[in-house]
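I opened the notebook to go through this structure site by site. Each entry records what I looked up and what came back.

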Amino acid sequence: MTVTGTPPATNTTVTGLTNGTAYTFTVTATNAIGTSPASLASAPVTPTATTASTIANGGFESGLTSWTTGGVKAPVASTVAHTGTGSALLGLPSGTEPLGDSNVAQTITMPASGTSTLSFWYQPHTADDTCSGTTCKYDWMEAQVRTTSGTVLASLFKLCSNSGTWTQFSADLSAYDGQSVVLWFNVHLDGSSPADDTWMYLDDVTLTNSQTTATAPAAPTAVTATAGNASATVSWTAPANGGSAITSYAVTPHAGATALARSPSPETRPPPAPPSPGSPTAPPTPSP
Ligand SMILES: [Ca+2]
Ligand SMILES: [Ca+2]
């Protein structure tokens with residue numbers, strides 16, 4: 001593509017690229033007399049699809065829209081927010097305690113690949129005993145990843161806390177990439193009388209995805225050559241490897257503007273002799 005102007009801008013956006021493919025870029029400058037040689041190539045970059053959160057209304061700014069509620073005490077929208085003005089309230093802060101669950105759930109389609117991280121914030125309260133994990137037997141807060149048919153794939157946490165502070169929880173859900181799963185958040189109540197209620201505010205449920213595709217290495221730098229007798233010793237600095245180990249280098253001698261045959265790696269072999277018209281040792285025609 002061509003960038004024009006007076007003077008022309010020194011940046012531009014190249015569109016129409018394929019996500020997941022590594023690209024490098026070179027630039028030439030043109031004036032009234034002609035066009036420059038191309039620049040060295042940029043470091044490689046790999047465009048990726050913009051991954052908006054696949055969780056709808058994860059900030060509960062639209063009440064409980066897009067969430068399914070369940071249990072003996074259905075959760076309600078709350079204005080006790082971690083961010084924004086809304087959250088979900090699971091369980092109940094006061095009043096007669098029912099026996100059973102209070103949950104919200106949403107089915108999401110996980111990204112096809114990459115590292116997928118679930119994050120959410122919860123603010124736990126209880127008048128019942130505190131506990132953690134399998135020791136919980138009265139009231140508790142919990143989060144699970146389930147199949148769409150209800151089978152538990154992972155228990156993210158299970159505890160009963162009265163910290164009353166917004167607490168972040170995050171988990172790597174990459175194992176479920178490409179699947180439809182249910183995010184399930186619950187407060188369990190033991191129906192005690194007199195009531196010892198338990199409740200939890202839930203907010204900012206997000207799923208982020210990052211792609212870790214390896215790319216081609218950057219260009220080697222600091223290339224120097226020392227002349228010898230019909231040979232030259234070439235050395236260089238290894239570049240960033242793009243996330244995949246470098247397996248070879250190729251060294252191409254140039255005589256003037258003409259690229260000659262490449263030397264294979266490793267570079268212990270002297271480069272081909274310089275061109276000599278009519279000589280039987282002249283190297284072959286340049287290859288791309
Ligand atoms: Ca919110
Ligand atoms: Ca209780």
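**Charges over rings**

I began with charged side chains over aromatic rings. The charged end of Arg146 sits over the ring of Trp184, 3.7 Å from the ring centre. I noted a second case: Lys158 has its charged end over the ring of Trp140, 4.1 Å from the centre. I keep in mind throughout that this is a predicted model.

**The sheet**

Next I looked at the strands. I found an open sheet of six strands, in the order E1-E4-E10-E7-E8-E6, with antiparallel pairing. Strand E1 (68-71) and strand E6 (131-132) stand at the edges. Each has a single partner strand, so one side of each is left without a neighbour in the sheet.

Strand E7 (residues 140-146) and strand E8 (residues 152-160) run antiparallel to each other and pair over six bridges. Within E8, Phe157 is the residue opposite Ala143. A reminder to myself: strands of a sheet pair through backbone hydrogen bonds.

**Cysteines**

How many disulfides does the count give? I get one disulfide. Cys131 and Cys136 form it, with their sulfur atoms 2.1 Å apart. The torsion about their S-S bond is about 100 degrees, so I logged the disulfide as right-handed. Both Cys131 and Cys136 are buried.

I also checked Cys160. The cut-off I applied is 2.5 Å between the sulfur atoms. Cys160 counts as buried, at 3% relative accessibility.

**Aromatic rings**

I searched the whole structure for ring pairs and found ten aromatic pairs. One of them is Phe120 with Tyr122, a tilted pair. Their centres are 6.3 Å apart, with 50 degrees between the planes. Phe120 is buried, with a relative accessible area of 0%. Tyr122 is buried too, with 7% relative accessible area.

I followed Phe120 to another partner. The rings of Phe120 and Phe169 have their centres 5.3 Å apart and their planes at 25 degrees, so this pair is stacked. The pair links distant parts of the chain: Phe120 is in strand E5 (residues 115-126) and Phe169 in strand E9 (residues 167-172), 49 residues apart. Phe169 is buried, as is Phe120.

Phe157 had already come up in my sheet entry, opposite Ala143.

I turned to the metals.

Gly59 counts as buried at 18% relative accessibility. Glu61 is partly exposed, with a relative accessible area of 41%. The cut-off I used for buried is under 20%.

**Calcium ion, ligand 2**

The calcium ion (ligand 2) is coordinated by Glu97 (OE), Glu97 (OE), Asp128 (OD), Asp139 (OD), Asp139 (OD), Asp190 (OD), Asp196 (O) and Asp196 (OD). The distances are 2.2 to 2.8 Å. I wrote the donor spacing as E-x30-D-x10-D-x50-D-x5-D.

Glu97 lies in the loop between strand E3 (87-91) and strand E4 (99-109). Asp196 lies in the loop between strand E10 (180-190) and strand E11 (198-210). The pair therefore ties together parts that are 99 residues apart in sequence. Glu97 and Asp196 are both buried.

**Met200**

Met200 is buried, with a relative accessible area of 0%. I took its C-alpha to C-alpha distance to Ala88 and got 8.1 Å. In sequence, Met200 and Ala88 are 112 residues apart.

Methods: Residues numbered from 1 in each chain as written. Chains lettered and ligands numbered in written order. Predicted model: local features only at pLDDT ≥ 70, side-chain atom pairs only at ≥ 80, totals over all residues. Heavy atoms only, no water. Buried < 20%, exposed > 50% of the residue type's maximum accessible area, 1.4 Å probe, protein only. Pairing = 2+ DSSP bridges. Helix = DSSP H or I, 4+ residues; strand = E, 2+ residues; numbered from the N terminus. Phe/Tyr/Trp six-rings, centres within 6.5 Å; stacked < 30°, edge-to-face > 60°. Lys NZ or Arg CZ within 6 Å of the ring centre and 35° of its normal. Donors = N, O, S within 2.8 Å, 3.2 Å for Na, K, Ca; no water.
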